[in-house]
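Hello,

Here is the structure I promised to pass on. Please open it first, then read the notes below it.

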Amino acid sequence: MSAKTLDMTTGRPLSLILKFSLPLMLGNLLQQTYSLTDAAIVGNYININALGAIGASSSVLFFILGFCNGCCCGFAIPVAQKFGAKDYTSMRCLINSSFKIAIIISAIVTLITCLMCRQILVWLNTPDEIIEQAYIYLLITFLGIPATFFYNLLSAIIRALGDSKTPFYFLIMSTILNIGLDFLLILGFNSGVGGAALATLIAQIVSAGACAVYMKRSFLILKTENPKEKELNIKNVKLLLNAGVPMGLQFSITAIGSMMLQNANNGLGTICVAAFTASMRIKMFFICVLDNLGIAMATYCGQNYGAGKTQRILTGIKDSSIIMVIYCAVMFLILWLFARDMGSWFMDYSETEVLDKTELFLRVSVSFYLALGVLSILRCSIQGVGYTKLSMFSGVSEMIARVLISLFIVPKYGFLGVCFGDPMAWCAADLFLIPAFIGVYKRIKK
């Protein structure tokens, strides 16, 4: 059995990007559906404090898991470039080296985060009434970092070969398992927020194992016959780290600003923490389409750069921008009209103060989705052609914007300031990325 790959260096860019990105989008929407369901079960069947406990550490998870996911996406970029250049021997060497590096990084990150777990929550100014529940949820999630790392790495490699459908199928399996375990552990065994974290951990382990088995059996192009392809080549290690670590740091740098924003919001009390949690779950559900459009562009640009077809890169960016604008317009109408109703998924309508803040957050956020769309397309395109260090500086721009909002705007305007944290960060990143991409494109054309 041989899995089908997708060569994105020939054919109409718009149809290729849609074909590749649709399974990604559907898969991530499914994953975010689980995230919404998870929070809804906790908020409705436990209490508002439990919902706040899950959300109180969301920026920390973005900081840690974002670094891991960024590394995985970065490791896949040289793989996509070698696949586009049809240099399959070098591609297999890179894949084997990436597995060994992943073992080391995931072990170190897991050890450090588990030891620092409680102190992190203290630094985030987590309210006393929810800190114990937040600690349990965060610790179990940190213990699952190796499974998350390998699942993301395997999925990224499969996508680098042009197969975006298979990770979608594994996401379906993972989401169904996750939701089923949520009901079993939270409602059946009354395990609280720890049950929600444990359900995610088990689902990630199963998904990572399924991905590994599938890759071994289905991708004949990955079959290694030369033992040297399995050796840890120093040149490959440098190439992978140069591509992966800057992308990981980009997520982490961005998350530092998010942690500052989270800290400022936590200081506003449990009501604001609960509203922030519900708002972020809904926001993540809708923006994941833009994120995955960016991921599709990273693979598309990587393959075409490897094949030396730079003109197709610009055409692909124009076509993906059309998709992005249409999506943002539709989401603006939906979220502006139904933001409050969506907030009620997580709590009773009697929680009017929480619902008011949730509605405000979502309406402000959706008004800036176009800025986020530009960010996702340009940043991932820059990464796809190998300029991962340059794209990292867009994360610095986001961090600075969120820090300034946290220090000067939130203390004065309260939760309204929190609502503008992400939008201002997206705009700041665009101010860097637009001229950066113009410079990169001029360089690769030469």
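**Confidence**

This is a predicted model. The chain has a mean pLDDT of 86, with 96% of its residues at 70 or more. Helix α2 (residues 48-55) has the lowest confidence, with a mean of 70. Helix α15 (residues 415-419) has the highest, at 96. Where pLDDT is low, the predicted coordinates should not be read in detail.

**The α6/α7 pair**

Helix α6 covers residues 145-160 and helix α7 covers residues 165-188. They pack at an angle of about 150°. Their axes are 8 Å apart. From α6, the contact uses Y151, S155, I158 and R159. From α7, it uses T166, P167, F170 and L171. By class, five residues of this contact are nonpolar, two are polar and one is charged.

**The largest pocket**

Helix α6 turns up again here. The largest pocket holds about 380 Å³ of space. Its lining has 16 residues. Nearest the centre of the pocket lie N96, F99, M215, K216 and L222. Two or more lining residues come from each of α4 (88-123), α6 and α8 (192-218). The lining divides into 10 nonpolar, two polar and four charged residues.

**The cavities**

How many cavities of 30 Å³ or more does the structure hold? There are two. Helices α13 (369-384) and α16 (421-445) each give at least two residues to the lining. The largest share comes from α16, with three residues. By class, the lining of the second largest cavity has seven nonpolar residues, one polar residue and no charged ones.

**M284**

One last residue to look at. M284 sits in helix α10 (residues 270-306). Is M284 buried, exposed or partly exposed? Its relative accessibility is 29%, so M284 counts as partly exposed; buried would need under 20%, and exposed over 50%.

Best wishes

Methods. Residues are numbered from 1 along each chain as its sequence is written. This is a predicted model: local features need pLDDT of at least 70, side-chain atom pairs count only at pLDDT 80 or more; totals for chains, interfaces and linings use all residues. Side-chain values use heavy atoms; hydrogens and water are left out. Axes are lines fitted to C-alpha atoms, for helices over the stretch in contact, and angles run from 0 to 180 degrees between N-to-C directions. Helices (H or I, at least four residues) and strands (E, at least two) are DSSP runs, numbered from the N terminus. Contact means heavy atoms within 4.5 Å. Ala, Val, Leu, Ile, Met, Phe, Trp, Tyr, Cys and Pro count as nonpolar, Asp, Glu, Lys and Arg as charged, and the others, Gly among them, as polar. pLDDT is the predictor's confidence in each residue, from 0 to 100. On a 1 Å grid over the protein atoms alone, a cavity is a set of points where a 1.4 Å probe fits but cannot get out, and a pocket is an open set with protein on both sides within 12 Å along at least five of seven lines; lining residues have an atom within 4 Å of a point. Grid points are joined across faces, edges and corners, and a volume is the space filled by probe spheres set on the points. Buried means under 20% relative accessible area, exposed over 50%, partly exposed in between (1.4 Å probe, protein chains only).
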